[in-house]
Amino acid sequence: MLRTSNRPVDWEALVTQNEDRLYRAALAILGHPQEAEDAVQDAFVRFLEKAPDHLENPSAWLMRVLVNGCRSRLRLAWRRVGPLPDTLPAPGPEESQELEELYSLPPEDRAVIHLHYYEGYSTAELAKMLGCRPGTVRSRLFRARALLRKKLEEENHDTGPVQT
């Protein structure tokens with residue numbers, strides 16, 4: 001019996017369109033390039049194995065699977081947080097301090113900051129993706145912004161307060 005699938009005919013196009021975006025999100029959440037690569041790969045495998053039929057937005061489904069997979073990886077006992085990698089997907093050295101401070105945030109705060117500001121998800125979309133209420137997402141964003149502001153002000157105490 002043949003089963004019809006919603007899998008794209010052009011698998012390469014789906015991967016090419018989503019891999020960089022998924023990798024950046026995974027790296028922001030996990031903080032390790034190798035773990036981020038593994039998480040992206042796992043998301044694509046899950047897409048092949050478990051994506052629902054008649055999927056309207058495969059990119060959104062992949063992002064949700066990726067975020068859930070990253071959250072699972074963070075719960076693993078063997079996972080250790082190491083130093084910030086030397087090579088970051090940053091456009092320039094002027095952002096290195098901000099990225100350093102971003103990676104020093106707790107994983108759930110890093111996730112909401114990255115998904116909201118870098119990927120453009122609304123608080124309602126993030127709430128669905130993370131399995132919590134929109135108010136919780138807004139609280140996490142508020143807390144993460146306050147932590148970032150405090151860390152950046154401590155680093156820049158000579159140059160004055162950080163503008164937000």
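**Notes on the predicted model**

1. Let me start with H114: leaving out residues up to four places away in sequence, H114 touches R24, A25, A28 and E119 (contact here is heavy atoms within 4.5 Å). H114 sits in helix α5 (helices are DSSP runs of H or I with at least four residues, strands are E runs of at least two, and numbering goes from the N terminus). With a relative accessibility of 5%, H114 counts as buried (under 20% relative accessible area; exposed is over 50% and partly exposed is in between, with a 1.4 Å probe and protein chains only).

2. Before going on, some bookkeeping. This is a predicted model, where local features need pLDDT of at least 70 and side-chain atom pairs count only at pLDDT 80 or more, while totals for chains, interfaces and linings use all residues. Residues are numbered from 1 along each chain as its sequence is written, and side-chain values use heavy atoms, with hydrogens and water left out.

3. The overall layout is quick to describe. The chain has seven helices and zero strands, and from the N terminus on its elements read α-α-α-α-α-α-α. There are 164 residues, and 35% of them are buried. Take the contacts between residues at least 6 apart in sequence: 65% of these join residues at least 24 apart. The chain exposes about 10,400 Å², with 51% of that coming from carbon and sulfur atoms (Shrake-Rupley areas with a 1.4 Å probe; for residues, only the protein chains shown count as cover).

4. Now the core. The largest nonpolar core holds 39 residues, and M63, L66 and L115 have the most contacts inside it (such a core is a set of buried Ala, Val, Leu, Ile, Met, Phe, Trp, Tyr and Cys residues joined through side-chain atoms within 4.5 Å). Two or more residues each come from α1 (11-30), α2 (33-50), α3 (58-75), α4 (96-103), α5 (107-118), α6 (123-130) and α7 (134-155). The top contributor is α1, with eight residues. As background, nonpolar side chains in soluble globular proteins tend to be buried together.

5. What does M63 touch, not counting residues up to four places away in sequence? The list is R21, L22, A25, L115, E119, Y121 and M129. A25 and E119 are also among the residues that H114 touches.

6. V15 belongs to helix α1, and its relative accessible area of 18% makes V15 buried.

7. How do α6 and α7 pack? Their axes are 8 Å apart and the angle is about 105° (axes are lines fitted to C-alpha atoms, for helices over the stretch in contact, and angles run from 0 to 180 degrees between N-to-C directions). The two helices are therefore roughly perpendicular to each other (65 to 115 degrees; under 35 is roughly parallel, over 145 roughly antiparallel, and the rest oblique). From α6 the contact uses T123, L126, A127 and L130, and from α7 it uses P134, V137, R138, R140 and L141. By class that gives six nonpolar, one polar and two charged residues (Ala, Val, Leu, Ile, Met, Phe, Trp, Tyr, Cys and Pro are nonpolar; Asp, Glu, Lys and Arg are charged; the others, Gly among them, are polar).

8. P134 and T123 are 11 residues apart along the chain, and their C-alpha atoms are separated by 5.6 Å. Is P134 buried or partly exposed? Partly exposed, since its relative accessible area is 34%.

9. R145 is another α7 residue, and at 31% relative accessibility R145 counts as partly exposed. Setting aside neighbours within four places in sequence, R145 is in contact with I113 and Y117. The C-alpha atoms of R145 and L102 are 9.6 Å apart, for a sequence separation of 43 residues.

10. Last, a loop position: S104 lies between α4 and α5. Its relative accessibility is 37%, so S104 counts as partly exposed. S104 is 73 residues from G31 in sequence, yet the C-alpha to C-alpha distance is 9.0 Å.
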